[in-house]
Amino acid sequence: MKAILLNNYSMTAQWEQWVRENYQYPTHHLWGATTLPKYGINVEILLWEKYSFLKKISQKIKILGDLDQEVRLLLQKHDYDIIYSANQGSTYLLAILRAIGLLKKPVVSVQHQSFKKNLWSLLFIKLILSRYDRLFCLSNGIRNHLIKEFNVPENKLHLLEWGIDLPYYKIKNNDSLDTKGEKSFILSAGRTYRDYKTLTKALKNINYPLRIYSPPDPMFNNIDYNSSNVQVLTHYISWQEILAEHAKAYAIAIPLDNTQPKSYIHAIGVTSLLDAMGMGKAVVMTRTVEPCIDIEKEGIGIFVEQGDDKGWQEAISYLLEHPNETREMGKRGRRLCEEKYNLEVFTSRLSELLKDALK
């Protein structure tokens, strides 16, 4: 079986890095491309960009998906049995062509979000999203919302929980967490949908270091740097370096800005959460409408409401005051990754779903 893989970002550099490092490089951001061959499914990654003018058209007419990738897939000769997209926004046109019989190959996609219910989204889902052969939802919340609010057929929606390439998440003994702040710190990393303004405001009242790793972004213009315990680092850092920082951190903070996704179900902050879990660290995280992983139910962290700086202050203070409980939260998170949130489990499930779509 042969699958051709599309995405909403370029995967070429990560693939080349994996090959260059003699296949010793984490590949969960390649969405099964390197691990599906174990299950008899070979994967070709379609070049993300070739015709920039088509990319620009796609950015203006998003309802058609990524025309640059889609047009090349239709016009160029590719040997494949199924079209697999790691993000639904790349293949809307292909799903339409499939539905009206002009495309013979199945089109499936990973579904990262549901939608706010209104007339536009109802039409969009009825005319386009429901045309996919299968949609692989990253959480039950996304799946249930699409079923209940938009009447997407249940047989088209399947749960596919993402997971990290766990062997690269090497942890040390967590039995002696630093509680005095002499060596350790609270770590926060990432840029998408982040609310660092609230987090830094909370940390001003806690005598404990905070390190933020994020690419340069205008959001940092609104952050108060007067607190001596807040350090913002915007330079590039490799995956080895960021995991080494996780290993030294006391706990991980994931402050999310839910104002942009509004009320629909959206898988945000998942990468940072899985990084923390893989490294055996407790988490404080902004509560989302329907979290992919309920960190409080699983006993691996504490939720804080959107924009609640006092809630952040209380949650982080609680972890600092309870090192034994913080340690156990981290251990439980690691066990969850070993049991289900890892690349091997993800790939096994994905292979079943891809093969089923061909039946």
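A crossing counts as right-handed if the near helix is turned clockwise from the far one by less than a right angle. I needed that for the first entry. The model I worked from is predicted.

**Entry: H7 and H10**

I looked up the pair H7, residues 196–203, and H10, residues 309–321. Their axes lie 8 Å apart, and the packing angle is about 55°. Angles of 65 to 115 degrees count as roughly perpendicular and those under 35 as roughly parallel, so H7 and H10 are oblique to each other. I noted the hand of the crossing of H7 and H10 as right-handed. Next I listed who touches whom. H7 supplies Thr198, Leu199, Lys201, Ala202 and Leu203. H10 supplies Asp309, Trp312, Gln313 and Ile316. I sorted the residues of this H7–H10 contact by class: five nonpolar, two polar and two charged.

**Entry: H10 and H11**

I stayed with H10 and turned to H11, residues 323–339. The axes of H10 and H11 come within 5 Å and cross at roughly 100°. The range for roughly perpendicular is 65 to 115 degrees, so that is how I recorded H10 and H11. On the H10 side the contact uses Tyr318, Leu319, Leu320 and Glu321. On the H11 side I found Pro323, Glu325, Thr326 and Met329. The class count for H10 with H11 is five nonpolar, one polar and two charged.

**Entry: H2 and H3**

I then checked H2, residues 52–60, against H3, residues 67–75. The angle is about 125°, with the axes 7 Å apart. Roughly antiparallel would need an angle over 145 degrees, and roughly perpendicular ends at 115, so H2 and H3 are oblique to each other. From H2, the contact takes in Leu54, Lys55, Ile57 and Ser58. From H3, I wrote down Leu67, Asp68, Gln69 and Val71. This contact of H2 with H3 has four nonpolar, two polar and two charged residues.

**Entry: cavities**

Last, I asked how many cavities of 30 Å³ or more a search of the whole structure finds. There are three. I followed up the largest cavity, whose volume is about 80 Å³. Which residues line the largest cavity? I found Leu138, Glu161, Trp162, Val270, Leu274, Cys292, Ile293 and Tyr341. By class, the lining of the largest cavity comes out as seven nonpolar, no polar and one charged. Glu counts as charged, so I assigned the one charged place in the lining to Glu161.

How values were computed. Residues are numbered from 1 along each chain as its sequence is written. This is a predicted model: local features need pLDDT of at least 70, side-chain atom pairs count only at pLDDT 80 or more; totals for chains, interfaces and linings use all residues. Side-chain values use heavy atoms; hydrogens and water are left out. Axes are lines fitted to C-alpha atoms, for helices over the stretch in contact, and angles run from 0 to 180 degrees between N-to-C directions. Helices (H or I, at least four residues) and strands (E, at least two) are DSSP runs, numbered from the N terminus. Contact means heavy atoms within 4.5 Å. On a 1 Å grid over the protein atoms alone, a cavity is a set of points where a 1.4 Å probe fits but cannot get out, and a pocket is an open set with protein on both sides within 12 Å along at least five of seven lines; lining residues have an atom within 4 Å of a point. Grid points are joined across faces, edges and corners, and a volume is the space filled by probe spheres set on the points.
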